[in-house]
Amino acid sequence: MGEAGPVLERLEARRQELLEELSEFLRIPSISADPERAADVARAAEWLAARLARAGFEARAEPTGGHPAVVAEWRGAPGRPTILLYGHYDVQPADPADGWTSDPFEPTVRDGCLVARGATDDKGQLFCHLAALRAHLELYGRLPVNLVVLFEGEEEAGSEHLEPFLEENRQRFACDAVVVSDSGRLDPAVPAITYGLRGLVYLEVILRGPNRDLHSGTFGGAVANPANALARLVASLQDDRGRVTVPGFYDRVRPLEPWERDAFARLPFDEAALCRDLGVDSLPGEEGFSVLERVWARPTLDVNGLVAGYTGEGAKTVIPAEARAKVSCRLVPDQDPEEIADLLEAWLRERAPQGCRVEVRRLHGARPVLVPVRGRFMDAARKALARGFGAEPVLIREGGSIPVVETFQRLLGVPVLLLGFGRPDDRAHGPDERFHLSDLWAGMRTSAWLWHLLAEGGAE
């Protein structure tokens, strides 16, 4: 097992200590989208920077124009590859009223899982690498590769300041490959490398009618009702076959390769089990495609929120002055977020109902990504996952978006390795987010192996 053996032993011996340390990290409510939590976001950045510095990195939390980025460097392996490790320490909002069964920022071990906001997305996965790297430096005083660490504080809020920060520091982040652990896998028993991510367009659609809420008896039938009109407008964006009706929406969609459809069909996916887990009786969607194909490689349009009129207890008979909808589209190669946003906005404005004014706000977007599935660094990643999880990994795509991956590809021009340790049922972004403890330890084992294998370019 070479140098990885003592690292694995040290991690195993420190399980309880590491769990307590991760819990301390998870208690920091680093919600990047909430301005009132800015001090907590900064505190989480300093927490990481301090631990990286104590481990032997040159590390500090650096200003970006928004929330700080944690940057750390260890460059003591001349002639070896330079690897950039990315993760994010910010988390989604978490309101106990949304259905949490415990305080989202008081980590709890329950049913073999660590339950807390950020447990799997992405503090727990990030921590796997932090723990393994620190153990390696404690034992040997060096790493097998040169390493640059970038832990972001705005991923859950759109990464507005990250690309300018990367462009400004492009030479500093120059590397041979990028490692990202902010994804998951399909089956609890099978590790996975993600090679495709969907992109994103996120819009807010606002319909405005009269200049104030009106009595529905006095004015009903005389003025346009923005709530009624918005419901019709949003419903018409998609047909009964699950396809988006906006002209041009599918023009640039890259079809799946035959090998991909064959590979997806062989994956251990249990549609009935997913229905049971979600509490639904079926999984409808675009005709002609399997569930995995729809989630990983087909574009979608979804309403994420609708607000209009009176929604409190009891009755209040009003015609609302305005109605709002949040609408997102997941995109696939080779769709362009700006082009899709243009198509959607034009379509919505053309169909503005009489008596209502349409406003479309573009909130954020991300480009879809495909990464090469072959190469010496990809081979190393596969071997590290196989040793960490005790099973051969499979190649998968993922339905979500990680905007920075496309940015790394475009600005740095190097392979991006997406090694996810989480599971589909980890409830990321939802109540009772969790990280299975077995995955936490397997992620640490994977990281312990990874840097040795990357140093040799995947050689045994």
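This is a predicted model: local features need pLDDT of at least 70, side-chain atom pairs count only at pLDDT 80 or more; totals for chains, interfaces and linings use all residues.
Side chains of opposite charge can pair when their charged atoms come close. In the model, the count of salt bridges comes to 41. One of these joins glutamate 62 to arginine 172, with the closest N and O atoms 2.4 Å apart. The pair links distant parts of the chain, 110 residues apart: glutamate 62 belongs to strand β1 (residues 58-62), whereas arginine 172 sits in the loop between α5 and β7 (177-180). The two partners fall into separate classes of accessibility. Glutamate 62 is buried, because its relative accessible area of 5% is under the 20% limit for that class. Arginine 172, with a relative accessible area of 24%, is partly exposed.

A further salt bridge is formed by the side chains of glutamate 163 and arginine 410, at an N to O distance of 2.9 Å. Glutamate 163 lies in helix α5 and arginine 410 in helix α13, so this pair ties together parts of the chain that are 247 residues apart in sequence. Glutamate 163 is partly exposed, at a relative accessible area of 27%, and arginine 410 also counts as partly exposed, at 40% relative accessibility.

Glutamate 339 and arginine 252 likewise meet through their side chains in a salt bridge, at 2.6 Å from N to O. Here the parts tied together are 87 residues apart in sequence, since glutamate 339 lies in helix α11 and arginine 252 in the loop between α7 and α8. Glutamate 339 is partly exposed at 28% relative accessibility, and arginine 252 is partly exposed with a relative accessible area of 47%.

Glycine 248 is partly exposed, with a relative accessible area of 26%. Its C-alpha atom is separated by 30 Å from that of valine 416, a residue 168 positions away along the chain.

Aspartate 90 presents another arrangement of a charged residue. It is located in the loop between β3 (82-88) and β4 (108-110). Aspartate 90 is buried yet has no salt bridge; lysine 123, the nearest side chain of opposite charge, is 8.8 Å away. A polar atom of the aspartate 90 side chain does, however, lie 3.1 Å from the backbone nitrogen of glutamate 155. Apart from neighbours within four places in sequence, the residues in contact with aspartate 90 are Ser30, Ser32, Asp121, Glu152, Gly153, Glu154, Glu155, Glu156 and Ala157.

Rolling a probe the size of a water molecule over the atoms shows where empty space is left. The structure holds 3 cavities of 30 Å³ or more, and the largest cavity has a volume of about 40 Å³. Its lining consists of Thr64, His67, Pro68, Ala69, Glu152, Gly153, Glu154, His161 and Leu162. Among these, Glu152, Gly153 and Glu154 are also in contact with aspartate 90.

The second largest pocket has a volume of about 470 Å³. It is lined by 25 residues, of which Pro337, His364, Gly365, Ala366 and Arg367 are the closest to its centre. Two or more lining residues come from each of α5 (162-168), β9 (199-208), α11 (337-350), β14 (357-366) and α13 (403-412).

Several features of the backbone complete the description. The peptide bond from aspartate 121 to aspartate 122 is cis, with omega near 5°; aspartate 122 lies in the loop between β5 (113-115) and α4 (123-140). A cis peptide bond also joins proline 333 and aspartate 334, with omega about 10°, and aspartate 334 is placed in the loop between β13 (322-331) and α11.

Positive phi values in residues other than glycine include that of serine 159, near 55°. Serine 159 is found in the loop between β6 (146-152) and α5 and counts as buried, at 11% relative accessibility. Arginine 427 has a positive phi near 60° and lies in the loop between β17 (416-420) and β18 (434-436). At 39% relative accessibility, arginine 427 counts as partly exposed.

Conventions
Residues are numbered from 1 along each chain as its sequence is written. Side-chain values use heavy atoms; hydrogens and water are left out. Helices (H or I, at least four residues) and strands (E, at least two) are DSSP runs, numbered from the N terminus. Buried means under 20% relative accessible area, exposed over 50%, partly exposed in between (1.4 Å probe, protein chains only). Lys and Arg count as positive and Asp and Glu as negative; His and the chain ends are not counted. A salt bridge is a side-chain nitrogen of Lys or Arg within 4 Å of a carboxyl oxygen of Asp or Glu. A polar contact is a pair of N or O atoms within 3.5 Å; within protein, one must be able to donate a hydrogen and the other to accept it, and residues adjacent in sequence count only if both atoms are side-chain atoms. Contact means heavy atoms within 4.5 Å. On a 1 Å grid over the protein atoms alone, a cavity is a set of points where a 1.4 Å probe fits but cannot get out, and a pocket is an open set with protein on both sides within 12 Å along at least five of seven lines; lining residues have an atom within 4 Å of a point. Grid points are joined across faces, edges and corners, and a volume is the space filled by probe spheres set on the points.
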